[in-house]
Amino acid sequence: MRRKSKHSIPTKYTLAILVCFCALAMFVSFTLNLSGGPLNTVAGYVFVPMQKGINTIGTWIVSRADDLKSLRDVMQENEELQAEVDRLTQEMNTIKLERYELDNLRELMKLDQKYPSYEKVAARVIGSDGGNWFNTFLIDKGEEDGIEKDMNVIAGSGLVGIVIDTGANYAKVRSIIDDASNVSGMTLLNADRCIVSGNLATMNKGQVIEFSSLKCTDEEVEAGEQIVTSHISDKYLAGILIGYVSTIERDSNNLTYSGTVTPAVDFQHLQEVLVILDKKAKLRD
């Protein structure tokens with residue numbers, strides 16, 4: 001077995017001596033400016049690659065820091081742009097809504113001028129019984145505004161329905177498309193009478209309601225003919241547009257016709273209506 005020399009120097013001391021020697025050599029070399037000397041050669045081999053490595057790492061760190069700053073700037077700009085997009089989108093939606101409401105008001109004004117002999121009050125739809133259609137709904141005007149049961153309601157291009165219940169500041173309306181609705185109508189062509197009945201099933205299927213018991217001769221009534229409220233109705237004022245004939249066919253008795261009517265009112269997007277304050281019963285009196 002090989003014995004350890006009593007006079008051997010520990011490795012850590014050897015390394016420390018070498019480091020001190022290199023440092024002393026560098027100091028002497030730079031101090032005495034021994035260009036081309038052996039110390040400069042040693043320094044070139046040892047320290048120049050180290051310096052290059054340090055410079056490369058420093059350059060990479062600076063580059064990554066610049067990239068990170070640029071990324072933060074881009075993210076901040078994106079957030080600012082997104083906020084601006086959200087603001088402009090909100091403004092555009094508001095403008096569209098205001099334009100839609102303005103168009104509705106213009107339609108109401110035209111409708112008001114279409115029936116100038118009746119006194120009316122404008123109201124806003126504030127609730128419905130649900131579903132795809134405004135078959136029964138609430139408006140924001142009531143008894144305090146002079147609204148009573150059985151008053152006619154119009155919108156768009158014609159008849160919406162009739163008031164069936166009132167409160168101090170609200171009223172409930174049943175539209176002509178409701179299953180419980182029946183309106184005495186007549187053709188504008190020759191005043192032949194019929195019964196227009198609400199039907200939610202046909203509204204869901206083809207956005208039409210039904211008419212029946214139309215008495216006419218020689219097939220005078222065709223698709224596109226206007227159906228208005230008749231003068232014999234006990235609740236509806238005469239001459240208000242209900243809709244347009246969509247389909248028509250002769251009944252099995254060969255005496256009457258039945259078919260479908262496309263309503264003159266958009267019952268999917270009701271927002272404002274006009275309530276006619278003149279009641280049929282009072283006008284008869």
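**Close-up views of a predicted model**

**View A. Phenylalanine 211 and its contacts.** Apart from neighbours within four places in sequence, phenylalanine 211 is in contact with Cys194, Ile195, Val196, Val245, Thr247, Ile248, Tyr257, Ser258, Gly259, Thr260 and Val261. Contact means heavy atoms within 4.5 Å. The model is predicted: local features need pLDDT of at least 70, side-chain atom pairs count only at pLDDT 80 or more, and totals for chains, interfaces and linings use all residues. Residues are numbered from 1 along each chain as its sequence is written, and side-chain values use heavy atoms, with hydrogens and water left out. Phenylalanine 211 belongs to strand β8 (residues 209-214). Helices (H or I, at least four residues) and strands (E, at least two) are DSSP runs, numbered from the N terminus. Is phenylalanine 211 buried or exposed? Phenylalanine 211 is buried, at 2% relative accessible area. Buried means under 20% relative accessible area, exposed over 50%, and partly exposed in between (1.4 Å probe, protein chains only).

**View B. A barrel of 6 strands.** The strands close up in the order β6-β7-β8-β11-β10-β9, with antiparallel pairing. On average, neighbouring strands of this sheet are turned by 40° against each other, direction ignored. Axes are lines fitted to C-alpha atoms, for helices over the stretch in contact; angles run from 0 to 180 degrees between N-to-C directions. Two strands pair if DSSP finds at least two bridges between them. Strand β9 (residues 226-229) and strand β10 (residues 241-250) run antiparallel, joined by 3 bridges. In this pairing, glutamine 226 sits opposite tyrosine 244 of β10.

**View C. Strand β3, covered on both faces.** Which residues of β3 are buried on each side? Asn152 and Ile154 are buried on one side, and Val153 and Ala155 on the other. In a regular strand, side chains alternate between the two faces of the sheet. β3 pairs antiparallel with strand β4 (residues 158-166) over 4 bridges. Here alanine 155 faces glycine 158 of β4. The two strands form a hairpin with 2 residues between them. Glycine 156, in the turn, has a positive phi of about 55°. β3 also pairs with β12, again antiparallel, over 2 bridges. Isoleucine 154 stands opposite leucine 274 of β12.

**View D. Arginine 124 and glutamate 272 in a salt bridge.** The two side chains meet at 3.2 Å, N to O. Arginine 124 is in strand β1 (residues 120-128) and glutamate 272 in strand β12 (residues 272-276), so this pair ties together parts that are 148 residues apart in sequence. A salt bridge is a side-chain nitrogen of Lys or Arg within 4 Å of a carboxyl oxygen of Asp or Glu. By this rule there are 4 salt bridges. Arginine 124 is partly exposed, at 37% relative accessible area. Glutamate 272 is buried, at 9%.

**View E. Two loops joined by lysine 235 and aspartate 150.** Their side chains form a salt bridge of 3.7 Å, N to O. Lysine 235 lies in the loop between β9 and β10, and aspartate 150 in the loop between β2 and β3 (152-155), so the pair ties together parts 85 residues apart in sequence. Lysine 235 is partly exposed, at 36% relative accessibility. Aspartate 150 is also partly exposed, with a relative accessible area of 23%.

View F. Threonine 136 lies in strand β2 (residues 136-139). At 7% relative accessibility, threonine 136 is buried. What does threonine 136 contact, leaving aside its neighbours within four places in sequence? The partners are Ser128, Asp129, Lys172, Val173, Arg174 and Asp178. Arginine 174 and aspartate 178 form a salt bridge, with their closest N and O atoms 3.6 Å apart. Arginine 174 is partly exposed at 27% relative accessibility, whereas aspartate 178 is buried at 10%.

**View G. A nonpolar surface patch.** Ile57, Trp60 and Ile61 form the patch, with about 340 Å² of accessible area together. Patches are made of residues with over 30% relative accessible area and no salt bridge: like charges are joined within 9 Å, nonpolar side chains (Val, Leu, Ile, Met, Phe, Trp, Tyr) within 5 Å. Areas come from the Shrake-Rupley method with a 1.4 Å probe; for residues, only the protein chains shown count as cover. Isoleucine 61 belongs to helix α2 (residues 38-114). Isoleucine 61 is partly exposed, at 47% relative accessibility.
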